[in-house]
Each structure stands twice: as C-alpha cells, then as structure tokens.
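This briefing covers selected local features of one protein model.

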Amino acid sequence: MTRTRSAVLSVTLLAGLLGGAGAPAAAGRAAVGVDGRPVHGAAPGGIGRCARTEACHVTTDPPERSSGLFSNGTATEAVTPALAAGASYVQGGNVLRLPSGRWQYLPAGATRSVVVDAGDAGALAQIAASRAWLASGRVPGAPGVRREGAERALLSMRALLRPNGAFAAAWYPFWDFSWPRDSSFAAAAFAHTGHDEEAYRILGHNARTQRADGTWEARTRLDASGPPDARPWQLDANGWVPWAAWQWYRTAPEAGRTARLEALYPMLRKAADYAAGSLDAEGLPPASPDYWELPTTTPNIGTAAPLLAGLDAAADLARDLGRSADAARWSDAARRLSAGIAARFAPLGYQRTLDGLHGRDSAAAFMAPPFNTAPADLPAALDDTYGALLRPNGGLVPGDDPETRWGDITWTACTSFFALAWSGLGEEQKAGEVVDWVLSRRNVLGELPETVTADGRPKAVVPLGWTDAIVLMALLGTDGAPLPVPPPPRP
C-alpha cells in the first residue's frame with residue numbers, strides 16, 4: 001500500500017502544428033477531454049513520450065502517474081496521462097486509438113510502442129490474439145459497464161504478468177515489482193476466469209522466490225533477482241500463497257493437476273510450517289507489517305486472517321495428496337489460530353490490532369469468503385467497519401488508526417474488499433453497489449486506479465493489478481458464481 005512517491009507533472013503548452021497530427025489547442029486555451037475534464041494542448045516531448053508523431057492532450061497536473069498499458073506478451077509499456085486524454089483502446093486489446101484516428105501499439109518483439117495507420121496488420125493480429133485469449137476463458141459481469149470493466153481488468157492483468165510468472169503491481173517505478181500478496185490475488189482471479197496457465201505461472205514464480213525459511217520478501221524484482229530494497233518482509237504472504245494455490249487447484253483441468261500440485265508442494269509445506277510455527281500460546285501470529293506495509297506492535301487482523309485461510313488451504317491440499325501428517329499438523333494450527341482470533345479480535349469487531357488502539361481496518365473483510373468461513377458476528381462487524389471507513393467521495397480508506405492519517409483519498413483495493421466479501425456472503429445487492437462505485441472510478445481508458453482523489457478522480461498508478469483481481473472475483477460473485485472457501489479445520 002505505501003508504494004507512492006511525490007511527483008509533479010509539469011505541462012509545456014505549445015501552439016502550432018505537428019506533421020500529420022492535426023492542430024492541438026492553442027497555448028493556455030482549455031479544451032475538454034473525453035472524460036469531461038479540461039485539457040490543454042501538448043506537443044510530443046512536452047510530457048514524456050506523448051505520441052511521438054501525434055498531437056495529444058493532457059489534463060493539467062493530472063493526479064495519474066500512468067494511465068494504461070501497451071503489451072505484446074513479453075514487453076509492456078505504460079500509457080502516459082498525456083497520451084490517454086482523448087484516446088481510447090480498440091475494443092478487446094491493448095492497441096490505442098489516438099485522437100487523430102491513427103493507432104499506437106507495442107509490436108511483437110519490440111520494447112517501444114509505435115504509431116501506425118488504423119487497421120495496421122500487426123495491430124490487428126495483436127487485437128485478434130487478445131480477443132481469442134479472452135474468449136478462451138470467462139469475462140464476468142452483466143453486459144455493459146461490469147462486463148467492459150472485467151474485460152479491461154483481465155487484459156491489464158495479462159499485460160502486468162511477465163513470461164517468468166512475476167506479476168507487477170503496476171507499470172511505474174516503485175510499483176514495477178512483484179508482491180506475493182498482489183500476485184496471489186491475480187492467480188486466483190486468473191484461475192476462476194479460466195486462465196489456468198497464467199495462474200500456475202504466478203504460483204511457480206512464487207515458489208522460486210520463496211526464502212529458505214519458507215517466507216517471502218515484501219516484494220521482489222521482476223527478474224526474480226531479489227528484493228529491490230530493505231523493506232521489511234510480511235508474514236501474510238504465508239497465507240496468501242497457499243490460499244491462491246488452493247483456488248488454482250479447484251479450477252485446474254484434472255489431467256495432470258496432481259503432478260502440478262506435487263511440484264508446488266515443497267513451497268506449500270515450507271509456507272504452512274512457518275505459519276504454524278509462528279503462532280504463540282494464544283494461537284496468534286507475531287506482530288508483522290500488514291498489507292498497509294506498516295508495522296504494528298501487536299498481532300494484526302491483516303496478518304492473522306490470511307494465515308488462517310492459508311493453513312486451511314494447505315491442509316486441504318495435503319489431504320488431497322495423501323499427506324495426512326501434514327494435514328493434521330496444519331489443521332491443528334488453523335484450529336488454534338481460529339480460536340485466538342475469536343478470543344482476541346472478535347470482541348473488538350475485528351479491528352486492526354488486538355490491543356484495540358488502532359481502530360477499524362478494511363482487512364476485517366479477510367475473515368469472509370472467499371478466504372475464510374465467516375464467523376457469525378462478522379456481517380455486523382463488516383457493516384460497522386465499512387461505515388467507519390467510508391469517505392465523502394464514496395470510497396474507503398484502509399483504516400481509521402489514529403496514528404495514520406489517510407485523509408479523503410480513498411483506495412480502490414480496500415473498497416473492493418467489501419464487494420468481494422459481501423458477494424461471498426450472498427449479499428449481492430451490497431456487493432454490486434460497491435463494485436459499481438469502483439467501476440465508476442475508471443479513468444478515460446477504462447482502467448482501474450490505485451486511489452481516488454477527494455473529488456473523485458483516478459489517482460496514482462492506473463491500472464493497479466490488485467484492484468483488477470479483486471473486482472474480477474467480486475463480479476464472479478455477483479454473477480452467482482462466488483469463489484469457494486478452504487474448508488475450516490475438522491473436529
């Protein structure tokens with residue numbers, strides 16, 4: 001979550017014509033972009049790579065740092081805010097239709113995009129391949145905004161996925177790393193939309209980047225060469241990765257899936273054994289940075305809930321492979337952890353920490369399906385948490401810890417947690433209202449942002465793969481096909 005850095009995008013306003021590009025707005029004279037916001041003329045070179053041979057527009061001081069993605073399956077390039085204004089994707093692909101009518105895309109084998117005439121054969125072939133990939137799986141959501149949002153989310157996740165299985169959080173400096181958490185959600189979403197190869201590729205990458213003790217770095221470089229900095233590792237990955245493996249296995253084609261699971265099993269054993277061994281006498285994990293990527297001094301729900309899901313998932317996979325001793329060991333740990341959560345977190349309404357000093361946390365939704373079988377008192381806690389974290393723009397902040405001031409900038413992932421939880425609990429109307437709000441915050445290209453400004457504009461990196469994955473899973477739920485939940489410990 002704490003991935004941002006300060007950046008100010010300055011605009012050089014130029015009047016005049018660019019060869020074959022048409023006339024940009026005169027300097028200082030506002031025009032209106034396709035999103036209804038003021039834009040100003042900007043020439044190529046004025047802002048980054050604003051269509052090297054085309055005129056383009058940019059919202060003055062846009063809150064976005066990236067606005068979309070070009071991709072050819074092996075390389076990816078960000079669409080800048082300058083290029084996005086007035087442009088649109090050709091439906092079903094990552095080819096951009098520019099205001100002039102020409103197209104821009106990333107050709108096969110290239111690392112930089114090019115501008116071509118509309119209908120270019122290479123661009124058409126790429127669009128056809130993308131459409132075929134979509135058709136090979138399932139695009140959830142009712143026709144209209146939901147289906148369109150799901151299609152774009154799938155295409156963006158595919159663009160963020162590297163050939164080696166690394167899944168970039170977003171395509172922008174400081175986000176262009178692979179987080180085990182984000183990638184686990186992506187693997188589950190790929191699996192349940194019928195893209196088995198992509199899901200398994202992510203799990204294989206997580207197996208290769210696991211540390212010797214069974215844990216993971218907070219994030220790693222996309223080439224799997226290790227962490228980019230000394231950011232503290234986060235224990236929740238030991239829950240997310242086994243949970244994602246379980247979700248993949250439930251959807252995988254039966255032919256060969258047992259052998260593929262066996263290949264992942266060493267990773268799962270190390271992850272689950274570390275998680276089980278981390279529990280204290282109350283059955284709770286140690287204090288660890290949570291998905292906020294901020295430390296706590298006592299156990300937090302953002303770590304405890306994923307670990308419970310992961311232990312249940314690992315135990316069930318072990319049973320499927322006939323590893324009864326492993327299954328019993330991890331089921332016992334899950335039983336202890338579940339009891340610890342019930343004793344210490346439940347009386348506080350599943351707040352962030354068990355000391356009651358750090359307020360509500362959107363991670364309360366991790367106690368709901370598709371992660372965990374919801375305790376009886378969870379629905380009321382989710383309602384209370386949602387109300388406490390709701391901001392005037394319609395989205396949620398991660399929490400209301402008095403030590404962390406989020407202001408009125410809201411986070412699409414945190415908001416989407418509740419759409420996913422409510423869809424898993426069968427509250428489809430509430431889930432639908434939340435997912436519709438998130439989809440209403442898409443940018444001019446139809447991409448989902450990381451955050452939303454107080455006045456409702458997409459902010460930071462766009463798209464964010466984590467939000468894409470959560471929204472896809474929530475839409476499956478609103479379609480009446482919610483993800484399954486790892487079975488809780490057997491008595």
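Helices (H or I, at least four residues) and strands (E, at least two) are DSSP runs, and their numbers count from the N terminus. In those terms, Tyr350 belongs to the loop between α9 and α10. The model is predicted, and the points below are grouped by topic.

**Residues with positive phi**

- Most residues other than glycine have a negative phi, and most peptide bonds are trans.
- Tyr350 has a positive phi, near 60 degrees, although this residue is not glycine.
- Tyr350 is classed as buried because its relative accessible area is 2%, and the cut-off for that class is under 20%.
- Phe174 also has a positive phi, near 80 degrees, and is likewise a residue other than glycine.
- The position of Phe174 is in the loop between α3 and α4 (180-192).
- Phe174 has a relative accessible area of 37% and is therefore partly exposed, a class that lies between the limits of 20% and 50%.

**Cis peptide bonds**

- Pro369 and Pro370 are joined by a cis peptide bond with an omega of about 10 degrees.
- Pro370 lies in the loop between α9 (324-344) and α10 (378-389).
- Another cis peptide bond runs from Val462 to Pro463, where omega is near 0 degrees.
- Pro463 is located in the loop between β12 (458-459) and α13 (465-478).

**Trp171 and its surroundings**

- Trp171 is part of the loop between α3 and α4.
- In sequence, Trp171 and Thr76 are 95 residues apart, while their C-alpha atoms are 7.8 Å apart in space.
- The backbone oxygen of Thr76 is reached by the side chain of Trp171 at 3.2 Å.
- With neighbours within four places in sequence left aside, the residues in contact with Trp171 are Ser66, Leu69, Thr76, Glu77, Ala78, Leu160, Arg162 and Leu222.

**Second largest pocket**

- The volume of the second largest pocket is about 300 Å³.
- Its lining consists of 18 residues, of which Ser71, Asn72, Gly73, Gln126 and Arg158 are the closest to the pocket centre.
- At least two lining residues of the second largest pocket come from each of α2 (121-135), α3 (145-160) and α5 (196-209).
- The greatest contribution to the lining of this pocket is that of α2, which supplies five residues.
- Sorted by class, the lining of the second largest pocket comprises eight nonpolar, seven polar and three charged residues.

**Cavities**

- Rolling a probe the size of a water molecule over the atoms shows where empty space is left.
- Five cavities of 30 Å³ or more are present in the structure.
- The second largest cavity has a volume of about 50 Å³.
- The lining of the second largest cavity is made up of Trp179, Pro180, Arg181, Glu217, Ala218, Gln234, Asp236, Ala237 and Trp240.
- Two or more of the residues lining the second largest cavity are given by each of the elements α4 and α6 (237-251).
- By class, five residues in the lining of the second largest cavity are nonpolar, one is polar and three are charged.

Definitions and conventions. Residues numbered from 1 in each chain as written. Predicted model: local features only at pLDDT ≥ 70, side-chain atom pairs only at ≥ 80, totals over all residues. Heavy atoms only, no water. 1 Å grid on protein atoms, 1.4 Å probe; cavity = no way out; pocket = protein on both sides within 12 Å on 5 of 7 lines; lining within 4 Å. Points joined across faces, edges and corners; volume = space filled by probe spheres on them. Nonpolar A, V, L, I, M, F, W, Y, C, P; charged D, E, K, R; others polar. Buried < 20%, exposed > 50% of the residue type's maximum accessible area, 1.4 Å probe, protein only. Contact = heavy atoms within 4.5 Å. Polar contact = N/O pair within 3.5 Å; in protein donor to acceptor, adjacent residues only side chain to side chain.
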